[in-house]
Amino acid sequence: MSGSDGNGKTELFLSPQAPKTQMFENAEKAVAHLIELFETNTAFLRNAFKEASAGRLPDKPVRAFYPELRVEVSSHSRADSRLSYGFVAGPGKYATTITRPDLFKEYLTHQIEQLLRNYEGVVEVAQSNIPIPLHFAFYNGAHVEGSFEASSTRPLRDIFDVPDLAVMDDSIANGTFEAGDGPEALAPFTAPRVDYSLHRLQHYTATAPKHFQNYVLFTNYQFYIDGFAQMARDLLADPNSGYTSFVEPGNVITRAGDTAPSEGEAPPRLPQMPAYHLTMPDNRGITMVNIGVGPSNAKTITDHVAVLRPHAWLMLGHCAGLRNSQQLGDYVLAHGYVREDKVLDADLPSWVPIPPLAEVQVALEKAVEEVTGLEGFELKRIMRTGTVASIDNRNWELRDHREPVQRFSQSRAIALDMESATIAANGFRFRVPYGTLLCVSDKPLHGELKLPGMATDFYKRQVAQHLEIGFKTMEELRKMPPERLHSRKLRSFAETAFQ
């Protein structure tokens, strides 16, 4: 049938019948309607593609639209100033397009409840004027071009909408979004931007987005992943742990009480950044991702994990200790960063400070005390709190290093790595609570380089303890209500209502 573009204007395309705008005073009912609209429109695209791939081409282009959530606020009043989200900057109209409301059901319900509680009004669910790209109607990343072009002489984009980079940038999160005559942003990401990241996550990690948990550990060593996998299997064997499954690349799932996977197929080779998920109900478990080496990888993965709106992410990695008083195996708890990674300079200027978050810092220190048995002044024997410098040149030692060493000394840096500042800065940029606990694996300024024999002995001795600390930190953060964990330090002058 001919359809509407969401504004009542009839176009020459095939589309589902445009639904009427509905008003809701109940968050669960609003989300249920979002799910219904999205499923109707994506099913329409999938069915049309199936027909076209079979040679039954439509006589007009096919188009379906994302649902949209809207709210209008008429007062400057704000019910609860303790929270960092759930309110808007001032009176006006606010809106966001929505994708995969089935996947984000809990998140959307919570965000809408906060709005309804703070403003005692209603929310609108309508159809937007933003088309759903065909690729994003297939949740598991089907390669639509191959199957279509094999059966048709017409280009895919003559019939279906394809992803448009112009509508999936980070201007909202970066604070550069200008609404013009339209509504202000209600959420930090548009639906196309979220869809883009959901598909990239599957590509990079070889696991479906639905398996990601709200507490995320990043590492750059497979040793840590091996340890995490063993911890996960031990916890699944404990009926009192609360964990329900362990998911590995290829969506290979081992459920609590089982000794072998019950579904999924391991990929022939590991993806670029394999992810592993120790799950709990409501995604309250822990995910660990091996991001590999370098700030580019660190930015890539956090760009995409951010759309899932996790409650916290931590970097557990190795670093070069810059102080002679440090020993191999000592810990570094970052409370500041020197950002020489460069990958975020266009999005978050390097002069922007990345503050430590008290809730995360306290949880990290508490976990170190619990695992090592040291506390108070004695903890200083094995851990220093200070500035971490992250750089984009792994072989910085091969330069005349007097100049960088002088800069690091002036910054009071105590450790050097390639990922931590990027992960923390992207947490700051995307309003995701962040933290860093590094382990000193070499001291290049003092003649202790990371060489094969030294590295092997070091990893055997220290990885298990470091991983246990990261794990306990996440369990400590999980005890805290999420609305308290999401710090007001991460919010700017005019923020989106959605966290």
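**Close-up 1. Asp303 and Arg429 pair up in a salt bridge.** In this predicted model, the N-to-O distance between the two side chains is 3.0 Å. Asp303 belongs to helix α7 (residues 295–305) and Arg429 to helix α10 (residues 420–430), so this pair ties together parts that sit 126 residues apart in sequence. Both ends are tucked away: Asp303 is buried at 10% relative accessibility, and Arg429 is buried too, at 2%.

**Close-up 2. Arg429 also meets Asp347 in a salt bridge.** Here the N-to-O distance is 3.7 Å. Asp347 comes from the loop between β14 (331–340) and α8 (358–372), 82 residues away from Arg429 in helix α10, so this is another link between distant parts of the chain. With a relative accessible area of 23%, Asp347 counts as partly exposed.

**Close-up 3. Arg56 reaches Glu51 through a salt bridge.** The closest N and O atoms are 2.6 Å apart. Glu51 is partly exposed, at 34% relative accessibility. For context, the whole structure holds 21 salt bridges.

**Close-up 4. Helices α1 and α2 cross at roughly 135°.** The axes of α1 (residues 27–53) and α2 (residues 105–119) come within 8 Å. The two helices are therefore oblique to each other, and their crossing is right-handed. On the α1 side, the contact takes in Ala27, Glu28, Ala30, Val31, Leu34 and Ile35; they meet Lys105, Leu108, Thr109, Ile112, Glu113 and Leu116 of α2. Sorted by type, these contact residues come out as 8 nonpolar, 1 polar and 3 charged.

How values were computed:
Residues numbered from 1 in each chain as written. Predicted model: local features only at pLDDT ≥ 70, side-chain atom pairs only at ≥ 80, totals over all residues. Heavy atoms only, no water. Axes fitted to C-alpha atoms, helices over the stretch in contact; angles between N-to-C directions. Helix = DSSP H or I, 4+ residues; strand = E, 2+ residues; numbered from the N terminus. Parallel < 35°, antiparallel > 145°, perpendicular 65-115°, else oblique. Left-handed = near helix turned anticlockwise from the far one by under 90°. Contact = heavy atoms within 4.5 Å. Nonpolar A, V, L, I, M, F, W, Y, C, P; charged D, E, K, R; others polar. Salt bridge = Lys/Arg side-chain N within 4 Å of Asp/Glu carboxyl O. Buried < 20%, exposed > 50% of the residue type's maximum accessible area, 1.4 Å probe, protein only.
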